[in-house]
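Please keep the sequence and the structure open beside the text while reading.

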Amino acid sequence: MEPHSCDTFVALPPATVGNRVIFGKNSDRLFDEVQEVIYFPTAIHNDLRKRPKCTYIEIDQVPETHAVVLSRPAWLWGAEMRASEHGVCIGNETVWGKEDISKEEALLGMDLVRLGLERADTAEKALDVIDVTVDLLEKYGQGGNCAEGEEFSYYNSFLIADRNEVWILETLGKYWAAEKVQETGVCNISNQLSITTKIDREHPDIRNYAKQKGWWDGQGDFDFTAAYSYINTASMMTSSSRCCQGYKLLNKHKGNITFEIMMEILRDKPSGINMKGEFLTTASMVSILPQDSSLPCIHFVTGTPHPERSVFKPFIFVPHISQLVDTKSPTFVPEMPMAKKPYIKPDRRHLLYQKHQQALEMIRNNKEKSKTMLDNMRELEKEVSEEMELILQSKHLDMDKTVNLFPQCVKDEIKIYQSSISS
(Lines give C-alpha, C1' and ligand atoms only; values in the text may rest on other atoms or scores of the structure.)
Protein backbone atom coordinates (compact mmCIF):
# COMPACT_ATOMS: atom_id res chain seq x y z
CA MET A 1 0.00 0.00 0.00
CA GLU A 2 1.19 3.48 -0.81
CA PRO A 3 2.06 5.34 2.43
CA HIS A 4 -0.07 8.07 3.91
CA SER A 5 1.33 11.48 3.11
CA CYS A 6 0.30 14.16 5.59
CA ASP A 7 1.86 17.56 6.14
CA THR A 8 1.74 19.75 9.26
CA PHE A 9 2.98 23.34 9.46
CA VAL A 10 3.50 26.04 12.05
CA ALA A 11 4.75 29.62 11.92
CA LEU A 12 5.65 31.73 14.94
CA PRO A 13 6.17 35.49 15.33
CA PRO A 14 7.89 37.36 13.74
CA ALA A 15 7.38 35.02 10.77
CA THR A 16 3.65 35.77 11.09
CA VAL A 17 1.51 38.90 10.97
CA GLY A 18 -0.23 40.16 14.11
CA ASN A 19 1.83 38.42 16.80
CA ARG A 20 0.09 35.08 16.22
CA VAL A 21 1.10 31.45 15.98
CA ILE A 22 -0.41 29.98 12.79
CA PHE A 23 -0.90 26.20 12.64
CA GLY A 24 -2.00 24.17 9.61
CA LYS A 25 -2.41 20.55 8.60
CA ASN A 26 -3.58 18.41 5.70
CA SER A 27 -4.81 14.94 6.55
CA ASP A 28 -4.01 12.66 3.61
CA ARG A 29 -5.65 9.26 3.81
CA LEU A 30 -7.53 6.68 1.71
CA PHE A 31 -9.64 8.47 -0.91
CA ASP A 32 -12.98 7.07 0.32
CA GLU A 33 -12.45 7.64 4.05
CA VAL A 34 -14.87 10.12 5.61
CA GLN A 35 -13.54 12.57 8.16
CA GLU A 36 -16.01 14.07 10.63
CA VAL A 37 -15.78 17.25 12.70
CA ILE A 38 -17.01 16.63 16.22
CA TYR A 39 -17.01 18.53 19.54
CA PHE A 40 -16.61 17.09 23.03
CA PRO A 41 -17.21 19.43 26.03
CA THR A 42 -15.25 19.59 29.26
CA ALA A 43 -16.07 16.58 31.43
CA ILE A 44 -15.58 15.70 35.12
CA HIS A 45 -14.97 12.00 35.75
CA ASN A 46 -15.91 11.21 39.34
CA ASP A 47 -15.71 7.44 38.91
CA LEU A 48 -12.21 6.67 37.69
CA ARG A 49 -13.10 2.99 37.49
CA LYS A 50 -14.97 3.78 34.26
CA ARG A 51 -12.07 3.51 31.83
CA PRO A 52 -12.28 5.25 28.44
CA LYS A 53 -12.26 2.96 25.40
CA CYS A 54 -9.92 4.27 22.74
CA THR A 55 -9.98 2.82 19.23
CA TYR A 56 -8.86 -0.64 20.41
CA ILE A 57 -8.01 -0.65 24.11
CA GLU A 58 -9.19 0.76 27.43
CA ILE A 59 -6.86 3.01 29.43
CA ASP A 60 -6.88 4.68 32.84
CA GLN A 61 -9.21 7.65 33.27
CA VAL A 62 -8.25 11.08 34.61
CA PRO A 63 -10.39 13.30 36.87
CA GLU A 64 -11.09 15.92 34.17
CA THR A 65 -10.88 16.16 30.39
CA HIS A 66 -10.78 19.44 28.47
CA ALA A 67 -13.17 20.46 25.68
CA VAL A 68 -11.90 19.54 22.22
CA VAL A 69 -12.96 19.86 18.62
CA LEU A 70 -11.69 17.00 16.47
CA SER A 71 -11.29 16.31 12.77
CA ARG A 72 -11.11 12.54 12.70
CA PRO A 73 -11.64 9.52 10.47
CA ALA A 74 -15.19 8.62 11.42
CA TRP A 75 -14.45 4.98 12.26
CA LEU A 76 -12.09 5.60 15.17
CA TRP A 77 -11.88 7.20 18.62
CA GLY A 78 -8.89 9.49 18.18
CA ALA A 79 -8.19 12.25 15.67
CA GLU A 80 -5.85 13.28 12.88
CA MET A 81 -5.79 16.88 14.06
CA ARG A 82 -7.57 19.51 16.09
CA ALA A 83 -7.57 21.75 19.10
CA SER A 84 -8.56 22.14 22.73
CA GLU A 85 -10.30 24.92 24.62
CA HIS A 86 -6.85 26.00 25.91
CA GLY A 87 -5.51 26.74 22.44
CA VAL A 88 -3.43 23.57 22.15
CA CYS A 89 -3.24 22.14 18.60
CA ILE A 90 -1.84 18.76 17.57
CA GLY A 91 -1.37 17.13 14.18
CA ASN A 92 0.15 13.70 13.62
CA GLU A 93 2.16 12.20 10.77
CA THR A 94 2.84 8.65 9.66
CA VAL A 95 6.49 7.65 10.10
CA TRP A 96 8.51 4.49 9.68
CA GLY A 97 11.99 3.62 10.87
CA LYS A 98 14.23 0.73 11.87
CA GLU A 99 12.08 -0.26 14.84
CA ASP A 100 9.63 -3.02 13.88
CA ILE A 101 6.00 -1.92 13.71
CA SER A 102 3.66 -3.65 16.14
CA LYS A 103 0.38 -4.88 14.70
CA GLU A 104 -0.88 -5.82 18.16
CA GLU A 105 -3.82 -3.63 19.16
CA ALA A 106 -2.65 -0.79 21.40
CA LEU A 107 -2.91 3.00 21.15
CA LEU A 108 -2.99 4.55 17.69
CA GLY A 109 -1.14 7.79 17.05
CA MET A 110 -4.56 9.34 16.44
CA ASP A 111 -5.66 8.23 19.92
CA LEU A 112 -2.58 10.00 21.30
CA VAL A 113 -3.63 13.22 19.54
CA ARG A 114 -6.99 13.23 21.30
CA LEU A 115 -5.53 12.21 24.65
CA GLY A 116 -2.93 14.97 24.49
CA LEU A 117 -5.62 17.55 23.78
CA GLU A 118 -8.07 16.31 26.40
CA ARG A 119 -5.53 15.99 29.20
CA ALA A 120 -3.20 18.99 28.79
CA ASP A 121 -3.62 22.78 28.78
CA THR A 122 -0.25 23.64 27.17
CA ALA A 123 1.85 22.21 24.34
CA GLU A 124 4.56 20.99 26.71
CA LYS A 125 2.04 19.29 28.99
CA ALA A 126 0.53 17.57 25.94
CA LEU A 127 4.02 16.27 25.22
CA ASP A 128 4.12 15.00 28.81
CA VAL A 129 0.78 13.24 28.43
CA ILE A 130 1.90 11.34 25.36
CA ASP A 131 5.32 10.25 26.50
CA VAL A 132 7.05 11.47 29.64
CA THR A 133 4.49 10.28 32.17
CA VAL A 134 4.95 6.74 30.82
CA ASP A 135 1.20 6.35 31.25
CA LEU A 136 0.67 6.16 27.49
CA LEU A 137 3.58 5.22 25.21
CA GLU A 138 5.47 3.20 27.81
CA LYS A 139 2.47 1.63 29.52
CA TYR A 140 0.18 0.94 26.56
CA GLY A 141 2.43 1.14 23.51
CA GLN A 142 1.57 1.93 19.89
CA GLY A 143 -0.01 -0.59 17.58
CA GLY A 144 -3.02 -1.77 15.65
CA ASN A 145 -4.58 -1.25 12.26
CA CYS A 146 -4.59 2.41 11.19
CA ALA A 147 -7.02 2.14 8.27
CA GLU A 148 -10.57 0.82 8.23
CA GLY A 149 -10.78 -2.50 6.46
CA GLU A 150 -7.13 -2.37 5.37
CA GLU A 151 -4.01 -3.91 6.88
CA PHE A 152 -1.86 -0.88 7.54
CA SER A 153 0.13 0.03 10.65
CA TYR A 154 2.66 2.75 11.38
CA TYR A 155 4.29 4.89 14.06
CA ASN A 156 3.79 8.62 14.48
CA SER A 157 5.35 12.02 14.73
CA PHE A 158 3.48 15.01 16.15
CA LEU A 159 3.56 18.79 15.85
CA ILE A 160 2.21 20.29 19.10
CA ALA A 161 1.56 24.01 19.43
CA ASP A 162 -0.03 26.54 21.74
CA ARG A 163 -0.01 30.35 21.93
CA ASN A 164 3.59 30.48 23.12
CA GLU A 165 5.57 27.46 22.00
CA VAL A 166 5.82 24.56 19.58
CA TRP A 167 7.22 21.06 19.99
CA ILE A 168 8.06 18.30 17.52
CA LEU A 169 7.64 14.81 18.98
CA GLU A 170 8.78 11.79 16.97
CA THR A 171 8.10 8.22 18.07
CA LEU A 172 9.01 4.67 17.08
CA GLY A 173 7.22 2.24 19.36
CA LYS A 174 7.91 3.40 22.92
CA TYR A 175 11.06 5.29 21.93
CA TRP A 176 10.83 9.02 21.26
CA ALA A 177 12.66 12.29 20.88
CA ALA A 178 11.32 15.83 21.18
CA GLU A 179 12.58 19.16 19.90
CA LYS A 180 11.35 22.60 20.88
CA VAL A 181 10.93 24.79 17.80
CA GLN A 182 12.84 28.05 17.84
CA GLU A 183 10.65 30.98 18.85
CA THR A 184 11.27 33.02 15.71
CA GLY A 185 10.90 30.38 13.04
CA VAL A 186 8.76 28.27 10.77
CA CYS A 187 8.52 24.52 10.89
CA ASN A 188 6.89 21.66 9.02
CA ILE A 189 6.87 17.88 9.33
CA SER A 190 5.96 15.22 6.79
CA ASN A 191 6.18 11.42 6.80
CA GLN A 192 9.75 11.04 8.00
CA LEU A 193 11.84 11.49 11.10
CA SER A 194 13.44 14.93 11.22
CA ILE A 195 14.98 15.44 14.67
CA THR A 196 18.76 15.14 14.44
CA THR A 197 21.16 16.30 17.17
CA LYS A 198 19.00 19.09 18.65
CA ILE A 199 17.12 16.94 21.13
CA ASP A 200 15.51 18.82 23.99
CA ARG A 201 13.83 15.80 25.60
CA GLU A 202 14.11 12.08 24.95
CA HIS A 203 13.21 8.59 26.10
CA PRO A 204 15.70 7.65 28.85
CA ASP A 205 16.85 4.51 27.03
CA ILE A 206 16.87 5.87 23.47
CA ARG A 207 20.67 5.97 23.15
CA ASN A 208 21.40 2.65 24.83
CA TYR A 209 18.78 0.93 22.70
CA ALA A 210 20.32 2.38 19.51
CA LYS A 211 23.75 1.10 20.58
CA GLN A 212 22.37 -2.37 21.39
CA LYS A 213 20.77 -2.58 17.94
CA GLY A 214 23.96 -1.43 16.24
CA TRP A 215 22.37 1.77 14.93
CA TRP A 216 24.79 4.09 16.76
CA ASP A 217 28.39 3.49 17.76
CA GLY A 218 28.17 5.73 20.81
CA GLN A 219 30.72 8.15 19.43
CA GLY A 220 30.12 11.86 18.84
CA ASP A 221 26.77 13.66 18.98
CA PHE A 222 23.73 11.41 19.00
CA ASP A 223 21.63 11.94 15.85
CA PHE A 224 18.13 10.53 16.36
CA THR A 225 17.19 10.43 12.68
CA ALA A 226 20.53 8.97 11.61
CA ALA A 227 20.19 6.22 14.21
CA TYR A 228 16.50 5.33 13.86
CA SER A 229 15.58 6.21 10.27
CA TYR A 230 16.31 4.43 6.99
CA ILE A 231 16.41 7.82 5.24
CA ASN A 232 19.44 10.03 5.76
CA THR A 233 19.04 13.66 6.70
CA ALA A 234 20.44 14.98 3.42
CA SER A 235 17.91 13.12 1.26
CA MET A 236 15.02 14.45 3.36
CA MET A 237 15.58 17.98 2.17
CA THR A 238 16.07 17.26 -1.52
CA SER A 239 14.06 19.58 -3.74
CA SER A 240 11.65 16.83 -4.76
CA SER A 241 10.53 15.95 -1.23
CA ARG A 242 7.22 17.27 0.08
CA CYS A 243 8.97 18.24 3.30
CA CYS A 244 11.38 20.45 1.38
CA GLN A 245 8.64 21.94 -0.80
CA GLY A 246 6.56 22.78 2.27
CA TYR A 247 9.52 24.42 3.98
CA LYS A 248 10.16 26.51 0.86
CA LEU A 249 6.54 27.68 0.81
CA LEU A 250 6.74 28.71 4.48
CA ASN A 251 9.99 30.58 3.91
CA LYS A 252 8.64 32.26 0.77
CA HIS A 253 6.08 34.05 2.97
CA LYS A 254 8.17 34.31 6.14
CA GLY A 255 7.44 37.58 7.89
CA ASN A 256 4.03 37.88 6.24
CA ILE A 257 2.33 34.59 7.11
CA THR A 258 -1.39 34.89 7.86
CA PHE A 259 -4.05 32.25 8.23
CA GLU A 260 -5.04 32.91 4.60
CA ILE A 261 -1.46 32.21 3.48
CA MET A 262 -1.51 28.96 5.44
CA MET A 263 -4.72 27.97 3.63
CA GLU A 264 -2.99 28.66 0.32
CA ILE A 265 -0.10 26.40 1.31
CA LEU A 266 -2.49 23.58 2.19
CA ARG A 267 -4.18 24.02 -1.18
CA ASP A 268 -0.90 23.89 -3.14
CA LYS A 269 -0.87 21.07 -5.70
CA PRO A 270 2.52 21.44 -7.48
CA SER A 271 4.31 20.74 -4.18
CA GLY A 272 2.28 17.57 -3.58
CA ILE A 273 0.98 18.98 -0.30
CA ASN A 274 -2.59 18.95 -1.63
CA MET A 275 -2.79 15.30 -2.65
CA LYS A 276 -5.02 13.44 -5.06
CA GLY A 277 -5.27 9.81 -6.07
CA GLU A 278 -5.60 6.66 -3.96
CA PHE A 279 -4.45 8.77 -1.04
CA LEU A 280 -5.80 12.29 -1.06
CA THR A 281 -6.28 15.22 1.27
CA THR A 282 -9.43 14.14 3.10
CA ALA A 283 -9.61 17.14 5.48
CA SER A 284 -7.65 20.27 6.37
CA MET A 285 -7.30 22.66 9.29
CA VAL A 286 -5.76 26.05 10.05
CA SER A 287 -5.61 27.60 13.52
CA ILE A 288 -4.86 31.13 14.71
CA LEU A 289 -3.30 31.18 18.18
CA PRO A 290 -2.85 34.81 19.27
CA GLN A 291 -0.10 35.35 21.81
CA ASP A 292 -2.38 37.91 23.47
CA SER A 293 -4.33 35.67 25.86
CA SER A 294 -7.28 38.09 25.88
CA LEU A 295 -7.99 37.13 22.26
CA PRO A 296 -9.74 33.90 21.27
CA CYS A 297 -8.03 31.15 19.33
CA ILE A 298 -9.81 30.52 16.03
CA HIS A 299 -9.76 27.14 14.32
CA PHE A 300 -10.75 26.68 10.68
CA VAL A 301 -11.61 23.19 9.45
CA THR A 302 -13.00 21.86 6.17
CA GLY A 303 -14.62 18.54 7.15
CA THR A 304 -14.46 17.64 3.43
CA PRO A 305 -11.72 16.48 1.02
CA HIS A 306 -9.94 18.55 -1.62
CA PRO A 307 -9.08 21.82 0.23
CA GLU A 308 -9.12 23.80 -3.02
CA ARG A 309 -12.77 22.76 -3.42
CA SER A 310 -13.74 23.12 0.23
CA VAL A 311 -14.54 25.94 2.64
CA PHE A 312 -12.43 26.57 5.73
CA LYS A 313 -15.04 27.18 8.43
CA PRO A 314 -14.25 28.86 11.79
CA PHE A 315 -14.77 27.38 15.24
CA ILE A 316 -14.24 29.25 18.53
CA PHE A 317 -14.49 27.68 21.98
CA VAL A 318 -17.23 29.36 24.03
CA PRO A 319 -19.70 28.01 26.60
CA HIS A 320 -22.83 26.21 25.36
CA ILE A 321 -21.59 25.53 21.80
CA SER A 322 -24.25 24.20 19.47
CA GLN A 323 -23.73 20.57 18.54
CA LEU A 324 -22.05 19.95 15.20
CA VAL A 325 -24.83 17.85 13.69
CA ASP A 326 -24.13 18.27 9.98
CA THR A 327 -20.50 17.16 10.24
CA LYS A 328 -21.11 14.19 12.55
CA SER A 329 -21.09 10.80 10.88
CA PRO A 330 -23.76 8.20 11.61
CA THR A 331 -22.89 5.63 14.27
CA PHE A 332 -23.35 1.90 13.93
CA VAL A 333 -24.03 -0.23 16.99
CA PRO A 334 -22.75 -2.82 17.15
CA GLU A 335 -19.88 -2.18 14.75
CA MET A 336 -18.68 -5.14 12.71
CA PRO A 337 -15.20 -6.14 13.97
CA MET A 338 -12.60 -5.19 11.37
CA ALA A 339 -10.92 -8.55 11.92
CA LYS A 340 -13.98 -10.29 10.47
CA LYS A 341 -13.54 -11.15 6.79
CA PRO A 342 -14.86 -9.93 4.50
CA TYR A 343 -15.20 -6.58 6.25
CA ILE A 344 -17.89 -4.35 4.77
CA LYS A 345 -17.35 -0.64 5.36
CA PRO A 346 -20.52 1.11 6.54
CA ASP A 347 -21.63 4.37 4.95
CA ARG A 348 -20.13 7.00 7.27
CA ARG A 349 -20.88 10.07 5.12
CA HIS A 350 -22.24 12.99 7.15
CA LEU A 351 -24.58 15.55 5.55
CA LEU A 352 -21.87 18.06 4.61
CA TYR A 353 -19.75 15.34 3.03
CA GLN A 354 -22.73 14.02 1.05
CA LYS A 355 -23.66 17.42 -0.38
CA HIS A 356 -20.02 18.28 -1.09
CA GLN A 357 -19.52 15.08 -3.09
CA GLN A 358 -22.85 15.40 -4.91
CA ALA A 359 -22.04 18.95 -5.99
CA LEU A 360 -18.58 17.99 -7.23
CA GLU A 361 -20.05 15.15 -9.27
CA MET A 362 -22.69 17.43 -10.81
CA ILE A 363 -20.18 20.05 -11.94
CA ARG A 364 -17.40 17.69 -13.01
CA ASN A 365 -18.10 18.30 -16.69
CA ASN A 366 -19.64 21.75 -16.44
CA LYS A 367 -17.01 24.51 -16.23
CA GLU A 368 -19.58 27.29 -15.90
CA LYS A 369 -21.31 25.65 -12.94
CA SER A 370 -17.95 24.81 -11.44
CA LYS A 371 -16.77 28.41 -11.55
CA THR A 372 -20.01 29.76 -10.08
CA MET A 373 -19.96 27.29 -7.22
CA LEU A 374 -16.28 27.84 -6.42
CA ASP A 375 -16.77 31.62 -6.55
CA ASN A 376 -19.64 31.33 -4.06
CA MET A 377 -17.54 29.10 -1.80
CA ARG A 378 -14.63 31.53 -1.82
CA GLU A 379 -16.99 34.44 -1.12
CA LEU A 380 -18.39 32.61 1.90
CA GLU A 381 -14.88 31.85 3.14
CA LYS A 382 -13.81 35.45 2.60
CA GLU A 383 -16.81 36.78 4.53
CA VAL A 384 -16.25 34.57 7.56
CA SER A 385 -12.48 35.21 7.46
CA GLU A 386 -13.08 38.95 7.54
CA GLU A 387 -15.46 38.48 10.47
CA MET A 388 -12.79 36.52 12.34
CA GLU A 389 -10.14 39.16 11.63
CA LEU A 390 -12.51 41.82 12.94
CA ILE A 391 -12.91 39.85 16.16
CA LEU A 392 -9.14 39.69 16.56
CA GLN A 393 -8.75 43.40 15.85
CA SER A 394 -11.65 44.65 17.97
CA LYS A 395 -11.40 42.08 20.77
CA HIS A 396 -15.20 41.84 20.68
CA LEU A 397 -16.85 38.44 20.62
CA ASP A 398 -20.61 38.13 20.15
CA MET A 399 -21.26 35.09 22.33
CA ASP A 400 -24.79 34.48 21.05
CA LYS A 401 -23.50 34.29 17.48
CA THR A 402 -20.33 32.38 18.27
CA VAL A 403 -22.08 29.39 19.85
CA ASN A 404 -23.54 28.66 16.42
CA LEU A 405 -20.61 29.93 14.34
CA PHE A 406 -19.35 26.68 12.84
CA PRO A 407 -22.78 25.00 12.38
CA GLN A 408 -24.17 28.08 10.62
CA CYS A 409 -21.20 28.26 8.28
CA VAL A 410 -21.70 24.57 7.45
CA LYS A 411 -25.34 25.24 6.63
CA ASP A 412 -24.34 28.16 4.39
CA GLU A 413 -21.88 25.90 2.59
CA ILE A 414 -24.52 23.21 2.12
CA LYS A 415 -26.85 25.81 0.57
CA ILE A 416 -24.20 26.56 -2.04
CA TYR A 417 -23.94 22.88 -2.91
CA GLN A 418 -27.71 22.40 -3.04
CA SER A 419 -28.02 25.37 -5.36
CA SER A 420 -25.43 23.87 -7.70
CA ILE A 421 -27.15 20.48 -7.62
CA SER A 422 -30.64 21.84 -8.31
CA SER A 423 -29.73 24.47 -10.96
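A search of the whole structure finds 13 aromatic pairs, where the rings of Phe, Tyr and Trp (its six-membered ring) pair if their centres lie within 6.5 Å, and planes under 30 degrees apart count as stacked, over 60 as edge-to-face and the rest as tilted. The model is predicted, and local features need pLDDT of at least 70, side-chain atom pairs count only at pLDDT 80 or more, and totals for chains, interfaces and linings use all residues. Residues are numbered from 1 along each chain as its sequence is written, and side-chain values use heavy atoms, with hydrogens and water left out.

Two of the pairs are set out here.

| Pair | Geometry | Centre to centre | Angle between planes |
|---|---|---|---|
| Tryptophan 96 and phenylalanine 152 | tilted | 5.9 Å | 45 degrees |
| Tryptophan 216 and phenylalanine 222 | edge-to-face | 4.9 Å | 70 degrees |

Why does the pair of tryptophan 96 and phenylalanine 152 tie together parts that are 56 residues apart in sequence? Tryptophan 96 lies in the loop between strand E8 (89-95) and helix H1 (109-119), whereas phenylalanine 152 lies in the loop between helix H3 (137-140) and strand E9 (155-161), so the pair links these parts; helices (H or I, at least four residues) and strands (E, at least two) are DSSP runs, numbered from the N terminus. Tryptophan 96 counts as partly exposed because its relative accessibility is 28%, while phenylalanine 152, at 8%, counts as buried; buried means under 20% relative accessible area, exposed over 50%, and partly exposed in between (1.4 Å probe, protein chains only). Tryptophan 216 and phenylalanine 222 are both buried.

Lysine 25 belongs to strand E2 (residues 20-30) and, with 0% relative accessibility, counts as buried. A polar atom of the lysine 25 side chain lies 2.7 Å from the backbone oxygen of asparagine 92. Leaving aside neighbours within four places in sequence, lysine 25 is in contact (heavy atoms within 4.5 Å) with residues including Cys6, Asp7, Glu80, Asn92 and Met285.

How many disulfides does a search of the whole structure find? The search finds zero disulfides, a disulfide being a pair of cysteine sulfur atoms within 2.5 Å. For cysteine 54, which is in no disulfide, the nearest cysteine sulfur is that of cysteine 146, 14 Å away, and cysteine 54 counts as buried at 3% relative accessibility. Cysteine 244 is likewise in no disulfide, with the sulfur of cysteine 243 as the nearest cysteine sulfur at 7.4 Å; cysteine 244 counts as buried at 6% relative accessibility.

Technical notes
Polar contact = N/O pair within 3.5 Å; in protein donor to acceptor, adjacent residues only side chain to side chain.
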